[in-house]
Amino acid sequence: MNLSFANKVALVTGAAMGMGFAAARKFAEAGATVVLADRDAKALQLATEELEGAGHKVLGICCDVSDETQVAAMIRQTVEVFGRLDVAFNNAGIQIAHTDAADVSKEDYERVMAVNLNGVWHCMQHQLRQMQQQGCGAIVNCSSLGGLVGNPGFAAYHAAKHGVIGMTQTAALEYASRGIRLNTVCPGVIDTPMVSTLLADYPDAMDAIIKKQPIGRLGGAEEVAAAVLFLCSDAASFIVGVALPVDGGYTAI
């Protein structure tokens, strides 16, 4: 399989840590020039410096994906600096506290939608416009196992993640004939800072989570990143509109 990204420009959102940073590092190791985008300026600087220190060609851009103006500026800066955009992993996302649907505040609902759904929409739209000019490209949007199934206490989060799959599949049908492939990756419970923060509030939840994972452990950020690189690569040239679970078998039960 050809997983080389030499002479290609890759953009990763939510790239300062977790799955985003793992993907950015793998793209860089595969030869890509990588744009790391994140709203946490300090963490972004550290992530960018780490990849630069390893000899990779990277650019860090501070961006809140819920703000379309910032997203447009991010894509514009990417193209101004590197001349093109070949692949993108729209990974930025947030989680809110475990809450029954009727008790989710308006503010929490709108916040999770603004980042997890609208943020992906903003990125995808501006990426597609650039890729159309080039006549090629590949986009992977980050959904979740929560985009494939329900889970009590996370109605707003799951609503956003279901939406990511729907809009990705529809856009995939629109742009496949134009040389642009879109797919979705659906991570299960992955060992990332966001999951660690959530589990800190529920110390007894880990055993229950592991029991639901047929593979018997949490996933690793590098394992999700590997799936993202595959979907963006020429090895996946005939894969369009898929929602790929990377969940240790969770959704197969």
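Is Glu-222 buried, partly exposed or exposed? Glu-222 is partly exposed, because its relative accessible area is 31%. (Buried means under 20% relative accessible area, exposed over 50%, and partly exposed in between, with a 1.4 Å probe and protein chains only.) This is a predicted model, where local features need pLDDT of at least 70, side-chain atom pairs count only at pLDDT 80 or more, and totals for chains, interfaces and linings use all residues. Residues are numbered from 1 along each chain as its sequence is written, and side-chain values use heavy atoms, with hydrogens and water left out.

**Helix α3**

- Helix α3 covers residues 68-82, which makes 15 residues. Helices (H or I, at least four residues) and strands (E, at least two) are DSSP runs, numbered from the N terminus.
- From first C-alpha to last, α3 reaches 21 Å, close to the 21 Å expected at 1.5 Å a residue. The expected span is 1.5 Å times one less than the number of residues.
- The buried residues of α3 are Val-71, Ala-72, Met-74, Ile-75, Thr-78 and Phe-82.
- They lie on the same side of α3 because they cover an arc of only 155° around the axis. The arc is that of the directions from the helix axis to the C-beta atoms.
- An α-helix has 3.6 residues a turn, so residues three or four places apart point the same way.
- These buried residues pack against β1 (9-13), β2 (33-38), β3 (58-62) and α4 (106-134). Contact means heavy atoms within 4.5 Å.
- Thr-69 and Glu-80 are exposed, on the face of α3 turned away from its buried side.

**The ends of α3**

- Asp-67 caps the N-terminal end of α3. One of its side-chain oxygens lies 2.9 Å from the backbone nitrogen of Thr-69.
- Such a polar contact is a pair of N or O atoms within 3.5 Å; within protein, one must be able to donate a hydrogen and the other to accept it, and residues adjacent in sequence count only if both atoms are side-chain atoms.
- Gly-83 follows α3, and its phi is positive, near 90°.

**Asp-86**

- Asp-86 sits in the loop between α3 and β4 (87-90).
- Asp-86 counts as buried because its relative accessibility is 8%.
- Its side chain reaches the backbone nitrogen of Val-9 at 2.8 Å.
- Leaving aside neighbours within four places in sequence, Asp-86 has contacts that include Asn-7, Lys-8, Met-131 and Gln-134.

**Salt bridges**

- The model has eight salt bridges. The rule asks for a side-chain nitrogen of Lys or Arg within 4 Å of a carboxyl oxygen of Asp or Glu.
- Arg-25 pairs with Glu-50, with the closest N and O atoms 3.9 Å apart. Arg-25 is in helix α1 (residues 18-29) and Glu-50 in helix α2 (residues 41-53), 25 residues apart.
- Arg-25 also meets Glu-222 in a salt bridge, at 2.3 Å from N to O. Glu-222 lies in helix α8 (residues 221-232) and Arg-25 in helix α1, so this pair ties together parts that are 197 residues apart in sequence.
- Arg-25 is partly exposed at 25% relative accessibility, and Glu-50 is partly exposed at 46%.
- Glu-223 forms a salt bridge with Arg-217, with the closest N and O atoms 2.8 Å apart.
- Shared partners join Arg-25, Lys-26, Glu-50 and Glu-222 into one network of salt bridges.
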